[in-house]
Amino acid sequence: MRVKAIPAALAAAALLAVAGCGGHDSAGDASDDASPTKAAQQADGGDFGDLKKVCGPGDAKSATAQGVTADTINLGVMSDVGFTKNSEFGDTAKVFTSWCNAAGGINGRKVVATVRDSKLMEVRQRILEACKSDFALVGGGSALDALGVQDRLKCLLPDFPAQVSQIQNQGSDLQLNATGGASYDRYPGYYQWLLKTAYPKSAGAVGTIAGDAAVSKVIDARAQESLKAAGAKITYHDLYPAAGVSDWTPYAQSIKSKGVKGLVFLGDFASLSKLEQVLTGMDYKLDWIDTNNNAYGPAFLQLAGKSLDYQNNLADLSGVYPLEKAADNPATEQLVSLFKKYDPSAQPTLPGVRSFASWLLFAKAASSCGDKLTRTCLYDAARKETAWTGGGLLAPVDLSKADAPLTCFNIEKATSKGWEPADFQPNDGAYRCNEAPYKFKGDYGKPLTLADVGKSMSDVK
């Protein structure tokens, strides 16, 4: 993903917050133009994984809220596709709505999804547009999402995001976020495993490197706090220009001179691949490199090349079942088959899996409301999920609290043959669960609430 003529800080934010380079280039209306037919309803059924009748026919007949008529539910999908050229959220919306509408919609209402292309810097404009017509936001995300959260709360717009980038938005009110609460680290079990179980000798020489931007600096500071809590001694820390680095040799030399054994890389995977090539050329091998899960996908493997057989690249998927093992998990296998059926030119990605799980959460909650589909009913129904798995796509997540830690993790290793699960001793199927959570002690900001904009839940209709 090459960036042109954009401030370095914004480029870094986008590269950190928007994962992967999968999918094909598409934007705009992601809905299925064809109305559901009886034959299609019978063929698709509306079941997903272990979720029954997520979508299906019904007798909805009322216009109950903005964006909800007797026939349709209008929803927005936030995306930076105009900047990143990465259409994974639009692709997932197309697949889900096509499948759901073929099964009969939600209680008979057709689901219509419109991609709101924030183009990195136009988050607020797209939120204001959504405020005028959408019932809710589902299955998307923008790198600079904090720019729109205040307006979203003012217009009382629920959000079921695939991913959240900035702390002001992470766990903000009216949001059903399955990626963990803002005050808890997402990776404590991963760091504990790295430093105390798998590579204990690396604990005394850990380094971090991040893009030089406000967003990534906060992520870096939180990572350092969590690493230290897990027993790491930070012996190397650096920032790299977000606009790019022409020669990674000075960084590699510094890493080698300080004897770094474990490296957390908080930036774009294209830059990481270049750094690794220099390290490998210097014959310097670390015990482990945390690529961050933005690297999980085929693009990093292609860029990293020969260094994959030399460096030990790892990533924590935070409880998302790995795509390369889809045949071993019915829900993931079903997701892959739905992509092949409804959008064969697109490929499911890690953010795409999270997006599909968010669509399922919305659909299950909305279906439970029947004809009386309102934002209050929708939000209250989704909040009742204490062990949400998206039908089996995810490890269980407690959505009953806005600020709850993730309790499971799973680690992937990048090899020249592809991504594969690392030997991290899972104790619950594909995941390792019940690790002690870590709550941040530093002041990194907080998510916005309805009270911050002069509203309360009593205003939500």
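What is the order of the 4 strands in the open sheet, and is the pairing parallel or antiparallel?

## Basis of the report

The model is predicted, so that local features require pLDDT of at least 70 and side-chain atom pairs count only at pLDDT 80 or more, while totals for chains, interfaces and linings use all residues. Residues are numbered from 1 along each chain as its sequence is written, and side-chain values use heavy atoms, with hydrogens and water left out.

The open sheet has the strand order 2-1-3-4, with parallel pairing. The edges are formed by strand 2 (110-117) and strand 4 (159-160); each has a single partner strand, so one side of each lacks a neighbour in the sheet. Helices (H or I, at least four residues) and strands (E, at least two) are DSSP runs, numbered from the N terminus, and two strands pair if DSSP finds at least two bridges between them.

Strand 1 (residues 72-79) pairs with strand 3 (residues 136-138) in the parallel sense, over 2 bridges. Within this region, G76 stands opposite L137 in strand 3. Helix 4 (residues 88-102) lies across strand 1 and strand 2, and runs at about 175° to strand 2. Such angles run from 0 to 180 degrees between N-to-C directions, with axes fitted to C-alpha atoms, for helices over the stretch in contact; contact means heavy atoms within 4.5 Å.

K94 belongs to helix 4 and D343 to the loop between helix 12 (330-342) and helix 13 (350-368), 249 residues apart. K94 is partly exposed at 33% relative accessibility, whereas D343 is buried at 2% (buried means under 20% relative accessible area, exposed over 50%, partly exposed in between, with a 1.4 Å probe and protein chains only).

D371 forms a salt bridge with R109, with the closest N and O atoms 3.3 Å apart. D371 lies in the loop between helix 13 and helix 14 (375-383) and R109 in the loop between helix 4 and strand 2, so the pair ties together parts 262 residues apart in sequence. D371 is buried at 15% relative accessibility, and R109 is buried at 1%.

## Further charged pairs

The side chains of D151 and R124 meet in a salt bridge at 2.6 Å, N to O. D151 lies in helix 6 (residues 146-154) and R124 in helix 5 (residues 123-133). D151 is buried at 9%, while R124 is partly exposed at 45% relative accessibility. A network of salt bridges links R116, E122, R126, E129 and D134.

Note on methods: A salt bridge is a side-chain nitrogen of Lys or Arg within 4 Å of a carboxyl oxygen of Asp or Glu.
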